[in-house]
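Here's a quick briefing to read with the model open beside you. Take a look at the structure, then work through the notes below.

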Amino acid sequence: MPEALLELKDVHVRYGVIEAVRGINLTVGESEVVTLIGGNGAGKTTTLRAISMVHGPSRGEILFRGEDITSLRSDEVVSRGIIHVPEGRHIFPSMSVAENIEMGAFQRKKTSRKELNEDVDRVFMLFPRMKERRKQAGGTLSGGEQQMLAIGRALMAKPKLLMLDEPSMGLAPQVVETVFGVVETINSEGIPVLLIEQNAQMALQAASRGYVIETGEIVLEDKAQSLLGNDRVRKAYLGEE
Amino acid sequence: MASTTGTAATSADLRSHLDRNYPRLSQRLPDAVVAPSNIAWRGWRRLGYFRYLIAAALMGVIPWLMDNDYFPILQGGYGINVLFTTGYWILLTLGLSVVVGLAGLLDLGYVAFFMLGAYTTALMTDSGSPDQFHIVEWPTWTVLPFAVIVAMIAGFVLGVPTLRLRGDYLAIVTLGFHEIVRQSANNLTITNGSRGIAQIPSPEINLPFWQLDFGLDAEYYWWFLLIPAILLAVMMIRHLDNSRVGRYWAAIREDEVAASAMGVPVTKMKVLAFVIGASVSGVAGWIYAIKFGYIAPNSFPLLQSILVLCAVVIGGLGSIAGAVLGAILVTTLPEVVRELSGGEEIFGFDIESGRIAIFGVLLIIVMIYRPGGLLAAKRRRTELQEAGAADNVVTAEDPHAHIKTRDADLWDERKKGND
């Protein structure tokens, strides 16, 4: 296993009296794609929200490059380079595509306009569709395009770790393939990705390692290839008998 | 948005400006009208800050314009009083427009800040009877920054604990805040309870070359006091809206989750909106207190908070022109109704006392036909039109395409109905 960039140690998250995540241990190494798969309500999104400190953990440590980030605010976590693409895309509907993408660079305070424009161009290169539609309001894009936009926006923040929450949700199979293709492209540039998915098949194909989460606990952890071959995973998540 | 890639390059053309902001109007206007206006429009835009001076001059001549024989009713003190009322209402709607329109926080207790500004003024000047409690007895002018600061502190104090709440809950808390402030003023000894504080001194100008007592001289001096306040507020809000902070607010308003995922310090920015909104109403409170010279808890009913919100919504959330128009409507319409009704009754109801009801009707009509408000902000319009619209192919050549094709199904249905 490569050296850990992100490390969760015995992380618990509660919503009031309910403990949604119960003692998770998870690592993401430099330039890895790691996936966390599990059913509805297993605690996948909760884990991500804990890492980005939108809803922090009640117990346990989250180390990013050796620093404990559990005492930080969500905007401070973002400025460390942990960029969270929330579930359901969450683009800014009335801002134009270009403005949405610019929003991603908001915490990079000392960046020159020129540098920023170069980064915007890079995103447009990755998503030519976005360039065509740069003046269009974000809310008028299709679901797949909105997902691309959300990822493109996240890239503007120069992520040290990109966390994607169910990027395939509600998308047509063909679009899902494009999205996962993008994940691979991003990773090939050396950006580590933590990918949360219900679509276990696609996620495990894209990832190098995987974790399976059930009712708030990690039940399996292995190389993605071996998980694809694991009986339990095949039955529970890949719909095979 | 000035900083947007792509749009800035074309902004010096009236046609493209209209296309972007008023597409339907633009379609109706022929080139013969737009082309000549373009020259004047470009010139106007090139004036920069001089535009505020021109606006000040135009606002300055209003008292003289009102003094004409065609509308005798506007002559004398009555017209000037309505003008003044409209003026401080414009300040209130501008301030609330930052909170509700830009940051998207539903504040039902905005007038509490106005009230705090007014009471600060009363308690820091030589008001009321000699034995009445004063914090200090300072000149009226000196007190202005304190009225603003107290309102801002109140905005901060209310904001920090409550701005984690959303939507309806925030509305209820702010509504409660208004009542807390009002009932405190009603029951405290230093505020003289429900009797209020009288004889708040008017400001005086005592320069070697210019002497003026606002209390004695012509009424329209009060209006002149409002002009710089209004223009400064407009300038501040325009700059904020076009800055990083404005973009933060837009992001929070549109999608709080995404905003925080992008690193926007959500709570901080919301508190900032509260504080800035409160600062404007602090100025309004100061002017109100020294103009009327008397304030009491009953001068600041809950209805006023709701009417200010009503004015902002009718005018157009997040739109400066809309806020101004809303204030004008809310202050002048009741006067018009009062004038037209002449004390008559319908079904035993006194029309005059029911004049607030017209805002209910107006609000419903505006919400049905112009949901973004009478002068809707561009951004708000697109927010309201935002819908699925998944498979509409929109080309860059057609600037109104995103509006025309926004909700394909609805659009098609409507067309079918017409055919």
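Two strands count as paired if DSSP finds at least two bridges between them. With that in hand, keep in mind that you're looking at a predicted model. The notes start with a hairpin in chain A, go on to a sheet in that chain, and end with the domains of chain B.

**The hairpin in chain A**
- One of the pairs to look for is A:Val212, whose bridge partner in strand 10 of chain A is A:Leu220.
- Two residues sit between the strands of this hairpin, and A:Thr215 takes a positive phi there, near 35°.

**The open sheet in chain A**
- Chain A also has an open, antiparallel sheet of four strands, and their order is 2-1-4-5.
- Strand 2 (18–29) and strand 5 (67–68) of chain A are the edges, so to speak: each one pairs on one side only.
- Further in, strand 1 (residues 4–15) of chain A runs antiparallel to strand 4 (residues 59–64) of chain A, with five bridges joining the two.
- Across from A:Lys9 you'll find A:Glu61, in strand 4 of chain A.
- Helix 1 (residues 44–51) of chain A lies across strands 1, 2 and 4 of chain A, and its angle to strand 2 of chain A is about 70°.

**The domains of chain B**
- Chain B splits into domain 1 (1–42), domain 2 (65–374) and domain 3 (387–419).
- Going by C-alpha atoms, the centres of domain 1 and domain 2 of chain B are 33 Å apart.

How values were computed: Residues numbered from 1 in each chain as written. Chains lettered and ligands numbered in written order. Predicted model: local features only at pLDDT ≥ 70, side-chain atom pairs only at ≥ 80, totals over all residues. Contact = placed C-beta atoms within 7 Å. Axes fitted to C-alpha atoms, helices over the stretch in contact; angles between N-to-C directions. Domains from an automatic or database assignment.
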